[in-house]
Amino acid sequence: MPPNCFNEDGALEEAERVVLALYDALQWRDAVTVQQILAPDLEWWFHGPPSHQFLMRLLTGSPSAAVDTFQFVPHSVTSFGSTVLSEGCDPTGSITWVHAWTVSDGIITQVKEYFNTSLTVTRIGESSNSTRASSPLDSAGIAPRQVRKCSSVWESSLSNRGGKSVPGLVLAL
């Protein structure tokens, strides 16, 4: 089990348990468990080379020698509410991946999959000194723009290995 899967009390978060159960089922090619964990209308986003669509081929049963040998073994798993981020790589470190899973009521409803991509996750929220609360309308009767703060909460670490340049993306929560 990846080292940072536990909350401050040492308990595994429910959403993380679901995602780790999926990886276990994928490793054992347990189609019944995979079908129980994934929503039938799973929303899927993919960023990376088309040749790296290992998860899609695995779940749809598309034949490929790469699918038979590629293993999704997460090096880290972190959750932010219903979003679970996992990161791993192939045994050589030449292929890195990040999955952003959305878990609802114990079922995975969405996956965003990134291969050989540096991912930064940010949380967007209201600033503590929002102007909207102190002055709802300006002199022209128009509400001022609400001030939002954007803070980085997670960044992929495996994509920086090997000294190769990879595209970078930001995922906003």
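Q: On a 1 Å grid over the protein atoms alone, a cavity is a set of points where a 1.4 Å probe fits but cannot get out; how many of 30 Å³ or more does that rule give here?

A: The count comes to 1 cavity, with about 30 Å³ of space in the largest cavity. Volume here means the space filled by probe spheres set on the grid points, which are joined across faces, edges and corners. Bear in mind that this is a predicted model: local features need pLDDT of at least 70 and side-chain atom pairs pLDDT 80 or more, while totals for chains, interfaces and linings use all residues. Numbering runs from 1 along each chain as its sequence is written, and side-chain values use heavy atoms, leaving out hydrogens and water.

Q: What makes up the lining of the largest cavity?

A: Lining residues have an atom within 4 Å of a point, and here they are Tyr23, Leu26, Gln27, Arg29, Leu58, Phe70, Gln71 and Phe72. By class, that's 5 nonpolar, 2 polar and 1 charged. Helix α1 (residues 14–27) gives the most, with 3 residues.

Q: What makes the largest pocket a pocket, and how much space lies in it?

A: A pocket is an open set with protein on both sides within 12 Å along at least five of seven lines. The largest pocket holds about 340 Å³ of space. Of its 15 lining residues, Val34, Gln35, Leu38, Leu59 and Thr60 lie nearest the centre. β1 gives the most to this lining, with 5 residues, and by class the lining has 11 nonpolar, 2 polar and 2 charged residues.

Q: Why is serine 86 called buried?

A: Buried means under 20% relative accessible area (1.4 Å probe, protein chains only). Serine 86 sits at 0%, so it counts as buried. You'll find serine 86 in strand β3 (residues 83–89).

Q: How do you know that serine 86 and tryptophan 101 make a polar contact?

A: The pair must be N or O atoms within 3.5 Å, one able to donate a hydrogen and the other to accept it. The side chains of serine 86 and tryptophan 101 are joined at 3.3 Å, so they meet the cut-off.

Q: What makes a set of residues a nonpolar core, and which members of the largest one touch the most others?

A: The set holds buried Ala, Val, Leu, Ile, Met, Phe, Trp, Tyr and Cys residues joined through side-chain atoms within 4.5 Å. Of the 26 residues in the largest core, Leu22, Phe72, Trp101 and Ile108 touch the most other members. The largest share of this core, 8 residues, comes from α1. Apart from it lies another core, of 9 residues, among them Phe80 and Trp154.

Key. Helices (H or I, at least four residues) and strands (E, at least two) are DSSP runs, numbered from the N terminus. Ala, Val, Leu, Ile, Met, Phe, Trp, Tyr, Cys and Pro count as nonpolar, Asp, Glu, Lys and Arg as charged, and the others, Gly among them, as polar. Buried means under 20% relative accessible area, exposed over 50%, partly exposed in between (1.4 Å probe, protein chains only).
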